[in-house]
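Visitor: Please take one part of this model and look at it closely. I would like the helix packing, with the cut-offs spelled out.

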Amino acid sequence: MARSGHSTHLTSGRHRAHQPQTQKLTENEILELKNYLPEWTSAKRMEKWAVFTAIARAARLFAPKVNQGQWKKRKQMYKTWLFNNKKKKERKDVIKYGRRWTPKMVIYQQKWGEVLKRIEDESGAKPGGCGMFKHYQAAVKRVMAELSDNELEKAKETAEEWSNNFPPPEVQAQVAHKKGPTYMEHFSKEMWRQCGMRMFVMSAWKNEQGEVLFRMHNDNKALGDGDSFMKTKDWEDIEPVWQEYTQEQFSAGAWDGG
């Protein structure tokens, strides 16, 4: 990305867009633009304006207060940043364990029922169906567009709280249900790929009803020429010990969600 006040000459003779000298984007504005960069990159030409409008509205939550003229310049800076940082499609299997919550993610988490119902009403796609995902981004954007500035500001504050500390237990329970197995599988594969390490993981968490659930993670058969630990070894003696331990920990209130 070109530095403020300078343009970069490319070998093809084309000039890369540059940002105005009078303003700089804040760190949080850039972080928000990065969060939306995949959507900007994948959007079709006819969708670009609507996508950009949603991005600018989200990034404005982190911008300093400016007048209307300055806001027009700042929106141009957003567009310049997006064009200068446009990426090719990245690997889909990359997982970021240190999740940074955004206002958009908070709104979806808090209004996921409304989002799913809107998708079903408008497209006929059923929750969990293969056609649901392709309507997700557009539905969330429409829900966000209908929120007031106060609601968006509240979502920004909530995103900061969840990122710096941790989300409430009911949200953690939803993430554990949706993402837990994927995280475990990815972690096991990466430990094998990077360290040559085999793993067998026993996990436990509370669901939204407050029940303690258990799961075993054993991906060894899929790694190299390995055999399944659970199918070849007597491991069941340790399962009740683990269940007893986790019941004690969760019931005793030792778990605070962090």
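How are α1 and α3 oriented to each other?

Guide: They are oblique to each other. Helix α1 spans residues 27-42 and helix α3 residues 68-84. Their angle is about 55°, and their axes lie 10 Å apart. Axes are lines fitted to C-alpha atoms over the stretch in contact, and angles run from 0 to 180 degrees between N-to-C directions. Helices are DSSP runs (H or I, at least four residues), numbered from the N terminus.

The crossing of α1 and α3 is right-handed; that is, the near helix is turned clockwise from the far one by less than a right angle. From α1, the contact (heavy atoms within 4.5 Å) takes E29, I30, L33, K34, L37 and W40. From α3 come R74, Y78, W81, L82 and F83. These residues divide into 8 nonpolar, no polar and 3 charged. Ala, Val, Leu, Ile, Met, Phe, Trp, Tyr, Cys and Pro count as nonpolar, Asp, Glu, Lys and Arg as charged, and the others, Gly among them, as polar.

Now the confidence. This is a predicted model: local features need pLDDT of at least 70, side-chain atom pairs count only at pLDDT 80 or more, and totals for chains, interfaces and linings use all residues. Residues are numbered from 1 along each chain as its sequence is written, and side-chain values use heavy atoms, without hydrogens and water. pLDDT is the predictor's confidence in each residue, from 0 to 100. The protein averages 77. Confidence is highest in α3, at a mean of 89. Over residues 88-93, pLDDT stays under 50.

Technical notes:
Helix = DSSP H or I, 4+ residues; strand = E, 2+ residues; numbered from the N terminus. Parallel < 35°, antiparallel > 145°, perpendicular 65-115°, else oblique.
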